[in-house]
Amino acid sequence: MSEPMNKTERLIKLTAEIKDIESRSYLKTIRKQNKLHVRERLDYLLDPGTFVEDGLFARYENPKLQTDAAVTGIGKIDGRPVCISAQDMTVKAGTWGKVTIEKMIRIEEKAIELMIPIIYLIDSAGARLDEQFDIFIDRRHAGMIFRLQGVMSGVVPQISAVFGPSTAGSAYIPALSDCVIMVEGNTSVYLGSPRMAEMVTGEKVTMEEMGGARMHCTVSGLGDYWVADDYQALDTVKKYLTYMPQNWQQPVNRYESCEPIEGRSIADIVPENQAIPYDVMEVIDRLVDADSFFPFKELYAPELITGFARLDGRVIGIIANQSMVKAGVLFPESAEKGAHFIALCNAFGIPMLYLVDISGFMIGSVVERDAIIRKGARWLNTIFNATVPRIGVILRKAYGAGYLAMSGASCMPDACISLVTGQPAIMGPEAAVNAMHAKKIAEIEDPEERAKFVKEQRELYAADVDALKSASKFYIDDVVTGDQLRDSLVKRFEYYCGRPIKQQMLPKRDRVMR
């Protein structure tokens, strides 16, 4: 007969049992879904031996509720401390119980106290209805999780990686985060399940259509990164962090500078003919350090490019009009995308570069009903209140409200400069001539004479909106060649980013809004 274990031996045995993922009955199910266990995710994400866990013994008396389906604590990624709030799908399907919520609140409070990023690894079927009166009504119940996210917004980076379900109220964790990563085939984020929707509204819809990764990254805009599996999701978390500071008061790490990717010159990439589309990503590749561009919301509203990059080793945010998609015109979706990204950069002190080639906002009843004025105004308001260094570069067209949205001179960027192909104006030659001379054009009966008159007027108008004309009146700061642009931007950001940080971000009221 074996002797009873002492307290130390019992503690060691209990710790091993709780961490033994192979004993979990649900493990086979997540393996079939090509998913890692939460502890495997943490092993891959964090620097070895750095994780300090809180609440390991939560509800340990019940083998089915050990850790209460949550793993929380602090670890390091590339030497940087981060807080972790993660669900364990092998315990009660990752659902939230009374201790789950207290653990989640506690680690959020720790992120605020330590002023370090927090990473949510989401894989949860939602709240437990059988514990609802212990998790929903009181001051430190589930709502506190979301309140603390609001408090942290724009103060410390918040990253959500969604590996499985994030349903009902828990769907607001990614919605309140700065950055959301979703795994193809496994992510499902929705307020009501397809079964519930059918019961309430009669709608029949699949899980993917309701709230899958593809839908949220291409249609709703809730997802910022669409990835293939758990490993790619965790790699994206790591990469995103390299473009972020620890908190709003600290600078982003500076990296070693490197030359851009070689290729065609910017003069060859950007056609003088305003109607010919081109890939603005080629321009970005000639400006930023090689392989440093990291797109943000790449699949959503692709007429607007947003992303982080490094310029001479300095992290910057880039907003660029993509003429190859919808001619780069701004739609309600791209207005929301731009406002989100500007707020994100401004909150964390990331200087911004605008690459402008835009005829304006889209018009028509469809976009008016989709609140293009209100969403465009939100974008403009975000720019008007931005305090980080900003440079606008006019590549070609810069017309109307689009000129303002892309940080034109009247939006008071640190500099507004142009390539020689730039055309800042209220509207383009075609629309302007038609508007100014509509009556006279209609009166010219001879088709050849009419065409000649229109052509002459357009040429006169185009000559008047030439970038050098604007520079001669000092409406814009400089006109440069494509070959001079990178050097000019490097020097300008060096000077503009040298001002005291308090000047950049006073008062602290920035919030990252989706």
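Q: Which residue in β4 is the bridge partner of Ser85?

A: Strand pairing is read residue by residue. In this predicted model, Ser85 has Tyr120 as its bridge partner in β4. The strands concerned are β3 (residues 80–87) and β4, which run parallel and are joined by 4 bridges.

Q: How many residues of strand β4 are buried?

A: Burial is read from relative accessible area, and a residue counts as buried under 20%. In strand β4 (residues 118–124), 7 of the 7 residues are buried, so the strand is largely enclosed by the rest of the structure. Ile118, Tyr120, Ile122 and Ser124 point one way from β4, while Ile119, Leu121 and Asp123 point the other way; all are buried.

Q: What does Leu121 touch, leaving out residues up to four places away in sequence?

A: Leu121 belongs to strand β4 and is buried, with a relative accessibility of 0%. Beyond its sequence neighbours, Leu121 touches Arg41, Leu42, Ser85, Ala86, Gln87, Ala161, Phe163 and Leu234. Distance in sequence and distance in space may also be set side by side: Leu121 and Asp88 are 33 residues apart in sequence, and their C-alpha atoms are 9.2 Å apart.

Q: What is the overall make-up of the protein, in helices and strands?

A: The protein contains 22 helices and 16 strands. Its C-alpha atoms fill a box of roughly 110 × 55 × 40 Å along the principal axes. Of the 514 residues, 54% are buried. Among contacts with a separation of 6 or more, 73% are between residues 24 or more positions apart. The protein exposes about 23800 Å², of which carbon and sulfur atoms supply 56%.

Q: Which residues of helix α12 are buried?

A: Helix α12 (residues 280–287) is mostly covered, with 6 of its 8 residues buried. These are Val280, Met281, Val283, Ile284, Arg286 and Leu287. The buried residues of α12 pack against several elements, including α11, β10 (304–311) and α21 (482–496).

Q: Which backbone oxygen does the side chain of Asn247 reach?

A: Polar contacts are read from atom to atom. The side chain of Asn247 reaches the backbone oxygen of Met115 at 2.9 Å. A polar atom of the Asn247 side chain also lies 2.9 Å from the backbone nitrogen of Gln249. Asn247 is located in the loop between α10 (230–241) and α11 (266–269), and it counts as buried because its relative accessibility is 4%. Apart from neighbours within four places in sequence, Asn247 is in contact with Met115, Val155, Val156, Pro157 and Phe348.

Q: Is Thr100 buried or exposed?

A: Thr100 is buried, with a relative accessible area of 0%. Thr100 is found in helix α4 (residues 98–114), and its side chain reaches the backbone oxygen of Asp68 at 2.6 Å.

Q: How many salt bridges does the count come to?

A: Side chains of opposite charge can pair when their charged atoms come close. The count here comes to 26 salt bridges. In one of them, Asp224 pairs with Lys297, the closest N and O atoms being 2.8 Å apart. This pair links distant parts of the chain, 73 residues apart. Asp224 is buried at 4% relative accessible area, and Lys297 is buried at 3%.

Q: With which residue does Asp312 form a salt bridge?

A: Asp312 forms a salt bridge with Arg254, with 3.4 Å between the closest N and O atoms. Asp312 lies in the loop between β10 and β11, and Arg254 in the loop between α10 and α11. Arg254 is partly exposed, at 43% relative accessibility. The side chain of Arg254 also meets that of Glu494 in a salt bridge (3.4 Å, N to O). Glu494 lies in helix α21, so this pair ties together parts that are 240 residues apart in sequence.

Q: Which residues form a nonpolar patch on the surface?

A: Met196, Met199 and Val200 form such a patch, with about 370 Å² of accessible area together. Met199, which lies in helix α7 (residues 194–201), is exposed, with a relative accessible area of 70%.

How values were computed:
Residues numbered from 1 in each chain as written. Predicted model: local features only at pLDDT ≥ 70, side-chain atom pairs only at ≥ 80, totals over all residues. Heavy atoms only, no water. Helix = DSSP H or I, 4+ residues; strand = E, 2+ residues; numbered from the N terminus. Buried < 20%, exposed > 50% of the residue type's maximum accessible area, 1.4 Å probe, protein only. Polar contact = N/O pair within 3.5 Å; in protein donor to acceptor, adjacent residues only side chain to side chain. Contact = heavy atoms within 4.5 Å. Patch = residues over 30% accessible without salt bridge, like charges linked within 9 Å, V, L, I, M, F, W, Y side chains within 5 Å. Areas by Shrake-Rupley, 256 points an atom, 1.4 Å probe, with all protein chains shown as cover. Salt bridge = Lys/Arg side-chain N within 4 Å of Asp/Glu carboxyl O. Pairing = 2+ DSSP bridges.
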